[in-house]
Amino acid sequence: MSSNKNASYKTSKQVKSIIIYILMVIFALIAIVPVWVSLVNATRTNAQINEGLAFLPSTHALDNWKILTGRSFKIWRGFINSAIVSVCSTLLCVYFSALTAYGIHVYRFKGRSVLISVIMTLILLPASLSFIGFYQFMARLHLTDNYLPLILPSIAAAGTVLFMKQYLESILSMEIIEASRIDGAGEFRTFNTVILPIIQPALATQAIFAFVASWNNFMTPFVLLSSTEKYTLPMLVQMLRGDIYRTEYGAIYVGIAVSLIPIIVFYAFMSKYIISGLTMGSVKE
């Protein structure tokens, strides 16, 4: 009787494992296929793209690249502009969000619960709700056509703060902070030299999200920037759709492929910190 139960248990476990693997393959295909199709379309002509989907690359990638770089705009200028905005936004976002979460987690002050509620409320509010007011505020400060409105708001990232707070609650022990204070370290030194190495996985995870969001951001630069030399890469790629004679879909896909390279490189670079930090703890009880 017990052997039958063990056999049925093993069978049900194998079935569950097979279902999980099938779902993982499906989700992986959902994530990979659109990217692969975009890369394939970057090697095809307009006529080939209009014929339908294809999963094998063609031989017109160089022609599409010449079209992309020969339309009176500098693709590398947009690449550099996007890199400046994205890197600065990511650094400000992860550092100040971690600092805010550290303050909320470590210190017990009046209004702490209210502050946490406000942060959670800000997460629920759509970003488009305050966009018009944000633009009017930037216009009054004469900060339109400037990178500052694209970088400085990343300091106040409510979602990142909440994530960091939850991560600190799950991994950080107060003993290590008290030991640092006994050794004479100030609060900022404790945070920079003790806390930041401990929360590397959380920093790397949120850095990936912040970098991708800033790199792919089109609407905010489109509204705030007016000088062509300050355009980010998504804005320059979008300019190809404004051709009054035809739309160069192949060149657009080349621009999309180029814009994907920094995201992939950044993810590959930051993922090692996520993996190496998963085994890192603070204090063993």
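This is a predicted model: local features need pLDDT of at least 70, side-chain atom pairs count only at pLDDT 80 or more; totals for chains, interfaces and linings use all residues.
How exposed is Glu 169, in terms of relative accessibility? Glu 169 sits at 37% relative accessibility, so it counts as partly exposed.

Salt bridges, then. The structure holds two of them. One joins Lys 165 to Glu 169, and its closest N and O atoms are 2.5 Å apart. Why can these two meet? Both belong to helix H8, residues 158-171, and they are four residues apart, so about one helical turn separates them.

Next, backbone. Most residues other than glycine have a negative phi. Two residues here deserve a look on that count. His 142 is not a glycine, yet its phi is positive, about 60°. Asp 145 is not a glycine either, and its phi is positive at about 55°. Where are they? His 142 is in the loop between helix H6 (131-140) and helix H7 (148-151). Asp 145 lies in the loop between H6 and H7 as well. His 142 is exposed, with a relative accessible area of 69%. Asp 145 is buried, at 17%, which falls under the 20% cut-off.

The largest pocket has a volume of about 1300 Å³. It is lined by 36 residues, and those closest to its centre are Ala 127, Pro 153, Ser 154, Ala 156 and Ala 157. Which elements give two or more residues to that lining? They are helix H4 (75-106), helix H5 (112-124), H6, H7, H8, helix H11 (200-215) and helix H12 (219-224). By class, the lining residues divide into 25 nonpolar, eleven polar and no charged.

On to the second largest pocket. It holds about 260 Å³ of space. Its lining has 13 residues, with Leu 91, Val 94, Leu 203, Ala 207 and Met 270 nearest the centre. The elements giving two or more residues are H4, helix H10 (187-198), H11 and helix H14 (249-277). H4 gives the most, with five residues. The class count is eleven nonpolar, two polar and no charged.

How many cavities of 30 Å³ or more does a search of the whole structure find? The search finds one. The volume of this largest cavity is about 30 Å³. Ser 82, Val 85, Ser 86, Leu 150, Ser 214, Trp 215, Asn 217, Pro 221 and Thr 232 line it. Among the elements, H4 and H11 give two or more residues to this lining. The largest share, three residues, comes from H4. The classes here are four nonpolar, five polar and no charged.

To wrap up, take H4. Helix H4 gives two or more residues to the lining of the largest pocket. It gives the most to the lining of the second largest pocket.

Definitions and conventions
Residues are numbered from 1 along each chain as its sequence is written. Side-chain values use heavy atoms; hydrogens and water are left out. Buried means under 20% relative accessible area, exposed over 50%, partly exposed in between (1.4 Å probe, protein chains only). A salt bridge is a side-chain nitrogen of Lys or Arg within 4 Å of a carboxyl oxygen of Asp or Glu. On a 1 Å grid over the protein atoms alone, a cavity is a set of points where a 1.4 Å probe fits but cannot get out, and a pocket is an open set with protein on both sides within 12 Å along at least five of seven lines; lining residues have an atom within 4 Å of a point. Grid points are joined across faces, edges and corners, and a volume is the space filled by probe spheres set on the points. Ala, Val, Leu, Ile, Met, Phe, Trp, Tyr, Cys and Pro count as nonpolar, Asp, Glu, Lys and Arg as charged, and the others, Gly among them, as polar.
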